Amino acid sequence: MCGITGWIDFTRNLTQEKGILKEMADSIAHRGPDEEGFWLSSHAAMAHRRLIVIDPDGGKQPMVFQEGEEKLVLSYNGEIYNYRELKEQLEAKGHTFQSTSDTEVLLHAYLEWREDCVQHLNGIFAFGLWDDKRQQLFMARDHLGVKPLFYHWKDGRFLFGSEIKALLTHPEVEAVVDKDGLAEIFALNPMRTPGHAVFRDIHELRAGHCLILNQNGLQVRQYWKLNSQPFTDSADEAVERVRELLLDTVHRQLVADKPVASMLSGGLDSSALTSIAGNAFKEEGKTLDTYSLDFKNSEQDFQEDLMHVGRDTPWIHKMSEDVGTRHSELILDAPELVDNLLAQMYARDLPGLGEMETSLYLLFDRMSQDATVSLSGESADEVFGGYPWFYQDKFLEADTFPWALQSSGRTRLLKQEWIDAINPDSYIKQRYEEALAEVPKLEGENSLDARRREMSYLNLTRFLPFMLDRKDRMSMANGFEVRVPFCDYRLVEYLWNVPWEVKSMDHMEKGLLRRSLTGLMNEEVRTRKKSAYPFNQSPEYLNGVKTWLLTILDDHQSPIKTLIDEATVRSLLQDNAEIDGQTQARLCDYLIQVNEWMRHYEVKLV
């Protein structure tokens, strides 16, 4: 895992622009604390920050291939999990290699198949590849969008980077936010519109897409998408296929030259990965390290809700003992969460979910002291149908994003002029209808199955990107790599067409996954009801962020005061306000983030 950035301009000479390029790379140094590299030519400049995971000596970047008239330069972030098979294929075609790195395999894959190389890749990746002979940049992002990639194109200037901050570091790029950007922040965030990066003239390359830039202009195309077709396997065949794919992808993702660990929440997804990885470690005579987090006084503060049906801690200990892992538990206190609140905003370059992401940031900080790589269970709920909105009528019947029904109502905090400009209800409806229009339909499907297919698509393309973004930013902010086996595109493709009655076999959410794991993990945990990522419920946290926000409101120079209706915000902070403490806390920490985001990035509203 690494940080990449680059600059293409056909109207100016970039050979003397290393100073600016280095500043762009330095802004994402946390993504690659081990090494830096630069390559500059007349119209292309590439930089790389490296986190060493595979082939410490042979994987340096930007990597250059030169033979005859061919010159290719690659800056790449990610892991190609099938790079060994690809290397064998390419060697059979006459290619020779100087290293054991997947970076060199990617270079040769492009040399052999050009832009179609992405059709051969299984992994998580974002890269920029400069073809010097053709004076052309080729960029691509992995199938599910695990690894981020942003770009800016204006006045002949093309910039790209792993994070938005790399682009904003360039002296000619301003942090301008228009009404649509503001709608993303207040009406949709953190489940943003795919491709929308909030800042004007900055775009996100969507998952499963690639980009070509040359003197003829810019072309973006989709190289991978879901296809709807009748499911022909039996239930037993589906169980066997899922089991086969899951075992294969987990074992592929254990390959590393640095220590690999696993996150362990005590739920089905992380426990399954821990069991498979732990058994693989045992076969090699090693012990898997696992990590979890909890909050001080959580036993007395815990309150059940739609997504949290019980505390995870007892199940974590059961799983660790059962698999034989070396387990570490991080206990966080409310003041620590308040003190580190803004760390996750700086990592995202955008306001996020506050303490839920702060706790993740702090967990990765702890894990990075012992390991470089971890497994995590993102995407299991999206592809297997684990969320309540897949089966509860109030969500299935709602004519909007299912998570919008649980909105904390941030837009009501804005001044009326901004509410009128954003028109949040209309904006959400527009984005929802755009998403539905993308869904690949299956002819002859009944209305309920068609609706669940829509729900699956919304989750994979709108909700999952948020989950992957937070996991990438919080981990890479600590120079730490997280791998997500449930995002293997082969598994996602297969499950897309599995009917609901098979996915929910045995009358349980994620029943197909549960049955496929029979014999691979602890039986009690295998059948345990889903409980979501834990969050702090301490009243001490609410008091901390409320005090902080009031300080911001009392400061006449606070930038957020140009946006919010101060009287409305103050009324919601009253002890007798008609909202619960958790909602109060989330509104407070969000407004704190927005204020610092506007100040730190010098946001200009237009």
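Ala371 is buried, with a relative accessible area of 8%; buried here means under 20% relative accessible area, exposed over 50%, and partly exposed in between, with a 1.4 Å probe and protein chains only. The model is a predicted one, in which local features need pLDDT of at least 70 and side-chain atom pairs count only at pLDDT 80 or more, while totals for chains, interfaces and linings use all residues. Residues are numbered from 1 along each chain as its sequence is written, and side-chain values use heavy atoms, with hydrogens and water left out.

Ala371 belongs to the loop between helix H12 (355–367) and strand S17 (373–375). Helices (H or I, at least four residues) and strands (E, at least two) are DSSP runs, numbered from the N terminus. Setting aside residues up to four places away in sequence, Ala371 touches Pro259, Ala261 and Phe480, a contact being heavy atoms within 4.5 Å. Between Ala371 and Val64 there are 30 Å in space, C-alpha to C-alpha, and the two are 307 residues apart in sequence.

The hairpin of S4 and S5 has two residues between the strands, and Gly68 takes a positive phi near 60° in it. Across this pairing, Phe65 stands opposite Leu72 in S5.

Strand S5 (residues 70–80) is itself mostly covered, ten of its eleven residues being buried. S5 is also joined to strand S6 (residues 123–131), with nine bridges and an antiparallel course. Leu72 has Asp131 as its bridge partner in S6. In a regular strand, side chains alternate between the two faces of the sheet.

The chain as a whole comes to 24 helices and 19 strands. Its radius of gyration is 24 Å, close to the 25 Å that the globule rule gives for 606 residues, so the chain is as compact as a globular protein of that length; the radius is taken over C-alpha atoms, and the rule is 2.2 Å times the number of residues to the power 0.38. The C-alpha trace spans about 75 × 60 × 50 Å along its principal axes. Of the 606 residues, 63% are buried. Among contacts between residues at least 6 apart in sequence, 72% join residues at least 24 apart.

Note on methods. Two strands pair if DSSP finds at least two bridges between them.
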